[in-house]
Amino acid sequence: MTIRERPAGVADLWRTPMSVPPTPLTKRQLTTETVLVLLLSLGASAIYSLLSIIRRLVVAAQTNTSLNQQSSSLNTSQAQQQWLDFIYQVVGIALALVPAILVIHLLGREMTSATRYLGFDLTRPKFDLSLGALLAACVGIPGLALYVIARDLGFNTTVVASGLGDTWWSWPVLIASAAQNAIVEEVIMLGYLFTRWTQAGWRLPAVLITSAVVRGSYHLYQGFGGFLGNLIMGLIFGLVYLRVRRVLPMVVAHTILDTVAFVGYALLHNNVGWL
């Protein structure tokens with residue numbers, strides 16, 4: 001294997017292009033496609049998050065309060081009846097997966113197996129699980145500390161990670177929601193965008209940084225701590241993806257992080273003051 005055939009590492013970013021399959025699409029078509037995909041999914045979330053943080057800052061200025069006196073709610077109840085709320089949650093999770101399925105379909109028109117190309121398959125389960133668990137530990141502990149510090153300093157809202165109440169299905173739904181977030185974000189932000197933007201002629205540093213900024217932006221609704229923490233996570237995950245060329249370890253790591261956040265909050269928020 002020659003040097004140029006190795007997966008790109010940190011030192012390679014400035015000189016070794018990421019190996020991507022050929023595409024019949026022009027640069028303009030590639031750019032248009034990625035913009036449309038983002039506007040249908042995480043890019044739309046980034047726009048709404050930007051509007052959300054502006055609204056929160058206006059409220060904070062008008063009431064002479066800080067962001068940490070406002071809350072951001074995740075996994076909220078959608079109906080008073082438990083059975084109907086459960087259906088809402090399941091349908092919402094299923095429909096939220098469509099953008100990830102869409103980009104796999106778009107890439108699959110140009111290659112034999114898009115899931116294998118993306119590393120979103122079960123060919124290396126031990127590697128994916130072990131690396132994912134390691135990444136979750138390395139990112140999760142500093143991330144929790146950053147959240148607490150940013151909130152206490154008034155730069156972040158108080159995140160209410162679960163509002164589903166105590167129902168028989170709340171834990172399975174929270175875990176499924178965590179997996180859905182992980183699949184959509186990592187398949188699109190890493191596998192799809194890194195491929196399409198490289199095919200469009202972008203240099204890897206630009207791909208890495210832009211993807212991380214978009215990732216941070218759709219967490220702005222939480223505050224500036226949420227933006228910074230997810231931007232850093234995007235840079236770390238992007239560098240790891242460039243090295244291993246598999247999105248599944250990052251999906252595993254992201255699922256673990258969100259599961260701990262969602263289920264942990266549901267279990268502990270009444271007993272732990274700093275949550």
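**Contacts, cores and salt bridges**

Biologist: Leaving aside its neighbours within four places in sequence, which residues is V20 in contact with?
Modeller: The model is a predicted one. V20 belongs to the segment before α1 (27–39). Its contacts, apart from neighbours within four places in sequence, are Y117, T195, T198 and Q199.

Biologist: Is V20 buried, partly exposed or exposed?
Modeller: Buried means under 20% relative accessible area and exposed means over 50%. The relative accessible area of V20 is 25%, so V20 is partly exposed.

Biologist: Which residues is Y192 in contact with, leaving aside its neighbours within four places in sequence?
Modeller: Y192 is one of the residues that touch the most other members of the largest nonpolar core. Apart from neighbours within four places in sequence, Y192 has contacts with V187 and also with E33, T34, V37, V103, L106, L107 and L118.

Biologist: How far apart along the chain are the parts that the R246 and D121 pair ties together?
Modeller: The side chains of R246 and D121 form a salt bridge at 2.8 Å, N to O. R246 counts as buried at 6% relative accessibility, and D121 is buried at 12%. R246 is in the loop between α9 (224–244) and α10 (248–268) and D121 in the loop between α5 (114–118) and α6 (125–152), so the separation in sequence of the parts tied together is 125 residues.

Biologist: At what N to O distance do the side chains of R215 and E185 meet in a salt bridge?
Modeller: R215 is in helix α8 (residues 204–217) and E185 in helix α7, 30 residues apart. Both residues are buried. Their salt bridge has an N to O distance of 3.7 Å.

Biologist: What is the relative accessible area of E186?
Modeller: E186 meets R215 in a salt bridge of 2.9 Å, N to O. With R215 in helix α8 and E186 in helix α7, the pair ties together parts that are 29 residues apart in sequence. R215 counts as buried at 0% relative accessibility. E186 is buried because its relative accessible area is 0%.

Biologist: How far apart do the end C-alpha atoms of residues 168–259 lie?
Modeller: An unreviewed UniProt entry lists residues 168–259 as "domain: CAAX prenyl protease 2/Lysostaphin resistance protein A-like". In the model, that span is 84% helix and 0% strand, and its end C-alpha atoms are separated by 17 Å.

Technical notes. Residues numbered from 1 in each chain as written. Predicted model: local features only at pLDDT ≥ 70, side-chain atom pairs only at ≥ 80, totals over all residues. Heavy atoms only, no water. Helix = DSSP H or I, 4+ residues; strand = E, 2+ residues; numbered from the N terminus. Buried < 20%, exposed > 50% of the residue type's maximum accessible area, 1.4 Å probe, protein only. Contact = heavy atoms within 4.5 Å. Core = buried A, V, L, I, M, F, W, Y, C linked by side-chain atoms within 4.5 Å. UniProt positions renumbered as here; feature names shortened; annotations may be inferred. Salt bridge = Lys/Arg side-chain N within 4 Å of Asp/Glu carboxyl O.
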